[in-house]
Amino acid sequence: MSLTQKSKKFLEDLHIYLLSSGKNLNEIKEITKELEDHLLEAEANGKSVDQVVGDSPSAYMESISGEMKSDLASWTKYFPLVLLGPIAFTIFGDLINGGELAYSLFHIIGIIVYTLLFIIGVAIVLKYTSKKQSSVTKEIFILSLPIIVSMLFYLSVLFLDTMIDTPIVHFGEIGSIVIGSVVFLLIIAFSIWSKTIIIPVVLLALFLPDILLKETALSESSKLIIGMFITYSLIGLYLFYIFVKERKKQQGSE
């Protein structure tokens, strides 16, 4: 016997809520597994998830969260990994276009603040949406807010960087190669650790067209059109692969 969709949705929301509240991942897995077994037993006896968790799922989540200790210290190790994304896109883009890395102090600080805004924003909206039984459209809109806000902030940093005079940090040819190599190895390590290749795929989709078309005799407009086609095709193929993989996983669990 499997859980109803409503019970599965509640367990998913609880998992996200506890994660965004900074709880220990192993404890979260234990709590959700215990609750899953409890819900299976309750549904076998004709009870619904509402009868188990009460009229207020959000209050039930808060009560469980209140009984668990926060584990913010263990979550700080993920900060460098999240920071890796925007740094990798910036570094590889500049290496392909310029060859040597040089950034203003304002730009470097801006990337760090941008990452902090993104992490805090995602944690807030995940905690909010996991407590509210909102429509899929509303959840997508809310979840897109931290992305939009952080990107607007980063664009502001890029714009202000041209107006605000701060010291430039030059890394030189050898330094640029070393930094690019270190970031590349970190991406590989992160992909193995997280069991996802999303960062390498996006980097490949963004920069491979430039590498392939850079020395061709095509016009700039043709390069742009072909480059966009390659980029969207690679990302589309990856998303299709994920969709098929998840569909097979769901079919296997039914």
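Modeller: Let's start with Thr-32. Leaving aside neighbours within four places in sequence, Thr-32 is in contact with Leu-11, Leu-14 and His-15. Keep in mind that this is a predicted model.

Colleague: Which helix is Thr-32 in?

Modeller: Thr-32 sits in helix H2.

Colleague: Is Thr-32 buried or exposed?

Modeller: Buried. Its relative accessibility is 12%, so Thr-32 falls under the 20% cut-off.

Colleague: What does the side chain of Thr-32 reach?

Modeller: The backbone oxygen of Ile-28, at 2.8 Å.

Colleague: Next topic, charges. How many salt bridges does the structure hold?

Modeller: One. Lys-33 pairs with Asp-37, and their closest N and O atoms are 2.9 Å apart.

Colleague: Why are those two about one helical turn apart?

Modeller: Because Lys-33 and Asp-37 are four residues apart in helix H2, which covers residues 25–44. In general, side chains of opposite charge can pair when their charged atoms come close.

Colleague: And how accessible are Lys-33 and Asp-37?

Modeller: Lys-33 is partly exposed, at 44% relative accessibility. Asp-37 is partly exposed too, at 37%.

Colleague: Let's zoom out. How many helices and strands are in the chain?

Modeller: 11 helices and two strands. Along the sequence, the pattern reads α-α-α-α-α-α-β-α-α-β-α-α-α.

Colleague: What share of the residues is buried?

Modeller: 28% of the 254 residues in the chain. The chain exposes about 16300 Å². Carbon and sulfur atoms supply 68% of that area.

Colleague: What about contacts between residues 24 or more positions apart?

Modeller: They account for 77% of the chain's contacts with a separation of 6 or more.

Colleague: OK, strand E1. Which residues does it cover?

Modeller: Strand E1 runs over residues 101–104. Tyr-103 and Ser-104 both lie in it.

Colleague: Take Tyr-103. Buried or exposed?

Modeller: Buried, with 10% relative accessibility.

Colleague: Which residues does Tyr-103 touch?

Modeller: Not counting residues up to four places away in sequence, Tyr-103 touches Thr-90, Ile-91, Asp-94, Ile-108, Pro-167, Ile-168, Val-169 and Phe-171. With Asp-94 there is also a polar contact, side chain to side chain, at 2.6 Å.

Colleague: How far is Tyr-103 from Thr-166?

Modeller: 9.6 Å in space, C-alpha to C-alpha. In sequence, Tyr-103 and Thr-166 are 63 residues apart.

Colleague: And Ser-104, buried or exposed?

Modeller: Buried, at 4% relative accessibility.

Colleague: Which residues are in touch with Ser-104?

Modeller: Asp-161, Thr-166, Pro-167 and Ile-168, with residues up to four places away in sequence left out. The side chains of Ser-104 and Asp-161 are joined by a polar contact of 2.5 Å.

Colleague: Where does Leu-158 sit?

Modeller: In helix H8, residues 136–161. Leu-158 is partly exposed, with 36% relative accessibility.

Colleague: What does Leu-158 form on the surface?

Modeller: A nonpolar patch, together with Leu-145, Ile-148, Leu-152 and Leu-155. Their accessible area together is about 430 Å².

Colleague: Which residues does UniProt annotate as "transmembrane region"?

Modeller: The unreviewed UniProt entry gives residues 78–96, 102–128, 140–159, 171–190, 197–213 and 225–244.

Colleague: What does the model show for 171–190?

Modeller: That span is 95% helix and 5% strand. The end C-alpha atoms of residues 171–190 lie 24 Å apart.

Colleague: And residues 225–244?

Modeller: 100% helix and 0% strand. Over residues 225–244 the end C-alpha atoms are 28 Å apart.

Colleague: Last one, Ile-174. Which helix?

Modeller: Helix H9, residues 172–194. Ile-174 is exposed, with a relative accessible area of 66%.

Colleague: How far apart are Ile-174 and Leu-101?

Modeller: Their C-alpha atoms are separated by 9.9 Å. Along the chain, Ile-174 and Leu-101 are 73 residues apart.

Conventions. Residues are numbered from 1 along each chain as its sequence is written. This is a predicted model: local features need pLDDT of at least 70, side-chain atom pairs count only at pLDDT 80 or more; totals for chains, interfaces and linings use all residues. Side-chain values use heavy atoms; hydrogens and water are left out. Patches are made of residues with over 30% relative accessible area and no salt bridge: like charges are joined within 9 Å, nonpolar side chains (Val, Leu, Ile, Met, Phe, Trp, Tyr) within 5 Å. Accessible areas come from the Shrake-Rupley method with a 1.4 Å probe; for residues, only the protein chains shown count as cover. A salt bridge is a side-chain nitrogen of Lys or Arg within 4 Å of a carboxyl oxygen of Asp or Glu. Buried means under 20% relative accessible area, exposed over 50%, partly exposed in between (1.4 Å probe, protein chains only). A polar contact is a pair of N or O atoms within 3.5 Å; within protein, one must be able to donate a hydrogen and the other to accept it, and residues adjacent in sequence count only if both atoms are side-chain atoms. Contact means heavy atoms within 4.5 Å. UniProt positions are given in the numbering used here, feature names are shortened, and annotations may be inferred rather than shown by experiment.
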